[in-house]
Amino acid sequence: MAEVHYPNLIHRPEWTALADHRAKGPLHLRELFASDPGRAERYVVRVGDLHIDYSKQLITDETLALLQELAVATDVFGLRDAMFRGERINVTEDRAVLHTALRAPRDAVIEVDGENVVPKVHAALDKMSDFAQRVRSGAWTGHTGKRIRNVVNIGIGGSDLGPAMAYEALRSFADRDLTVRFVSNVDGADLHEATRDLDPAETLFIVASKTFTTIETITNATSARSWLLKAFEGDEKAVAKHFVALSTNSGKVTEFGIDPDNMFEFWDWVGGRYSYDSAIGLSLMIAIGPDRFREMLDGFHLVDEHFRTAPAEANAPLLLGLLGIWYGNFHDAQSHAVLPYSHYLSKFTAYLQQLDMESNGKSVDRQGRRVEWQTGPVVWGTPGTNGQHAYYQLIHQGTKLIPADFIGFARPVGELSPELAAQHDLLMANFFAQTQALAFGKSAEEVRAEGVPEEQVAHRTFHGDHPTTTILAAELTPSVLGQLIALYEHKVFVQGAVWDIDSFDQWGVELGKVLAKRVEPALTKGADVPGLDPSTTALVAAYRTLKNA
Ligand code: F6P
């Protein structure tokens with residue numbers, strides 16, 4: 001990759017031009033639409049099956065042009081091309097970032113250190129497909145010859161959130177005869193609740209861990225093995241039929257006692273939070289079948305190609321990334337809400353939290369210098385209608401600016417009765433009503449015209465002018481899910497590129513891990529922990545008193 005000279009971001013002319021533009025004070029969305037009704041048609045970008053409307057953003061053509069100039073100045077597309085070429089853009093871990101290779105077609109050529117990785121991606125997919133088919137058809141049986149009816153994925157972070165989110169999202173495409181569960185928390189209650197009603201003879205554990213050293217996962221996997229062996233009176237041979245591993249670390253998998261033949265591999269150029277379209281998606285593939293899984297990969301690939309080739313003005317991930325920068329860096333917005341109007345997307349925002357916050361929760365630039373600008377936002381949200389009766393009040397009338405993405409579908413999926421399917425229009429009426437209310441509000445004059453007593457007018461006035469992006473698709477299919485995830489992956493990429501941070505490491509989670517290992521003996525054995533601070537020492541003492549009371 002060409003060396004890019006990188007002056008301090010906030011002193012770039014493109015940055016100060018945006019700051020000046022912001023200082024001029026934008027018009028209210030009501031005025032923006034009144035003076036330019038055409039923005040409703042113009043501020044739309046279509047990518048595959050996604051209809052993305054950004055007309056309710058606090059922007060004009062000038063804002064967009066200035067944001068695009070910032071993207072050019074910070075060489076977003078240069079870094080993008082380096083990523084697609086397999087260069088080691090994860091500088092602190094000295095790794096390539098090639099989740100896009102996981103969904104590349106069979107005949108693509110993508111090289112890492114001179115090796116085309118596409119054949120091994122497809123070999124791994126073929127191995128997964130074969131195994132998933134055998135489990136689904138009953139050809140793969142448990143130790144006693146019983147059919148597998150339960151699949152329990154044990155993993156955490158990227159080895160849990162992706163498949164758990166996607167399984168939930170695509171539940172209506174899943175084999176309903178299979179029970180699929182996800183265990184992540186080292187709190188024993190998680191594994192207990194996931195297994196208490198299962199027959200070990202019908203249960204397959206998928207141990208998902210890129211490193212195969214993550215303490216939560218290894219602890220849960222060890223307990224799951226004990227649970228299984230208890231049922232089989234300690235017969236270790238049972239493990240081979242009831243445990244498979246998803247990892248990059250075959251040594252550790254073997255050490256754990258899982259046959260390497262039962263390991264599905266991926267590679268160090270796949271980041272954990274970018275991994276559910278790799279072997280990490282095996283539980284999902286078993287649930288929905290290899291064909292649906294490949295449809296999902298095609299959806300990812302479609303957006304990859306869009307991001308790689310679309311011009312700046314029609315490039316959806318670029319646009320969403322720049323809009324986030326507009327609010328986070330020029331409007332002091334601290335958070336970003338993602339509000340899906342689909343019950344099936346109940347885990348979508350939790351998944352995005354890791355994708356976005358683990359990627360862009362950084363405060364030094366790629367050279368290790370402290371940044372003088374805001375980086376990643378707090379990402380939050382839950383399915384929309386539930387949120388309407390909880391926290392939307394604050395978005396509408398609170399003091400904070402909270403940009404939001406609204407995601408909705410024209411048709412429901414699944415085998416809903418006609419009566420339940422008919423509820424979809426009510427769901428979507430709420431969807432459209434909310435973005436309208438957020439943008440246009442209700443003026444004091446409108447409130448007064450309704451005969452509201454003067455002392456109530458301020459309370460019932462909605463200022464409006466709250467920015468939203470509306471993302472619509474016909475249905476939540478596997479392909480559409482892949483498109484949505486790739487859209488957000490690349491949005492996060494764009495922001496990291498502009499902020500000049502390494503979006504692909506996660507050193508911030510390391511310290512807690514190291515300290516937990518150090519503190520544990522104090523909790524279990526009352527051992528002295530050298531170097532423990534006075535506050536934590538006192539808390540540990542209180543814990544032990546409570547524990548032993
Ligand atoms: O939370 C830190 C982290 O390293 C994540 O990035 C990763 O997704 C998760 O732990 C799990 O890691 P592994 O797949 O190696 O068990």
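In the predicted model, helix 15 (residues 348-360) and helix 21 (residues 478-499) have axes that come within 10 Å and cross at roughly 25°. Because this angle is under 35 degrees, helix 15 is roughly parallel to helix 21. The crossing of these two helices is right-handed. On the helix 15 side, the contact involves Phe-348, Tyr-351, Leu-352, Leu-355, Asp-356, Ser-359 and Asn-360. Their counterparts in helix 21 are Leu-481, Leu-484, Ile-485, Tyr-488, Glu-489, Val-492, Gln-495, Gly-496 and Trp-499. By class, the residues of this contact comprise 10 nonpolar, four polar and two charged.

Helix 15 also packs with helix 7 (residues 161-169), at an angle of about 155° and with the axes 9 Å apart. An angle over 145 degrees counts as roughly antiparallel, so helix 7 is roughly antiparallel to helix 15. This crossing is left-handed. Leu-161, Gly-162 and Met-165 of helix 7 meet Phe-348, Ala-350, Tyr-351 and Gln-354 of helix 15. The contact of helix 7 with helix 15 has five nonpolar and two polar residues, and no charged ones.

The ligand has 14 residues around it, of which Ser-159, Ser-209, Thr-211, Thr-214 and Glu-358 come nearest. In the side chain of Ser-209, an N or O atom lies 2.6 Å from an oxygen atom of the ligand. For Glu-358, the corresponding distance from a side-chain N or O atom to a ligand oxygen atom is 2.7 Å. Gln-354, which takes part in the contact with helix 7, has a polar side-chain atom 3.2 Å from an oxygen atom of the ligand.

Definitions and conventions:
Residues are numbered from 1 along each chain as its sequence is written. This is a predicted model: local features need pLDDT of at least 70, side-chain atom pairs count only at pLDDT 80 or more; totals for chains, interfaces and linings use all residues. Side-chain values use heavy atoms; hydrogens and water are left out. Axes are lines fitted to C-alpha atoms, for helices over the stretch in contact, and angles run from 0 to 180 degrees between N-to-C directions. Helices (H or I, at least four residues) and strands (E, at least two) are DSSP runs, numbered from the N terminus. Angles under 35 degrees count as roughly parallel, over 145 as roughly antiparallel, 65 to 115 as roughly perpendicular and the rest as oblique. A crossing is left-handed if the near helix is turned anticlockwise from the far one by less than a right angle, and right-handed if clockwise. Contact means heavy atoms within 4.5 Å. Ala, Val, Leu, Ile, Met, Phe, Trp, Tyr, Cys and Pro count as nonpolar, Asp, Glu, Lys and Arg as charged, and the others, Gly among them, as polar. A residue is near a molecule or strand if one of its heavy atoms lies within 4 Å of it. A polar contact is a pair of N or O atoms within 3.5 Å; within protein, one must be able to donate a hydrogen and the other to accept it, and residues adjacent in sequence count only if both atoms are side-chain atoms.
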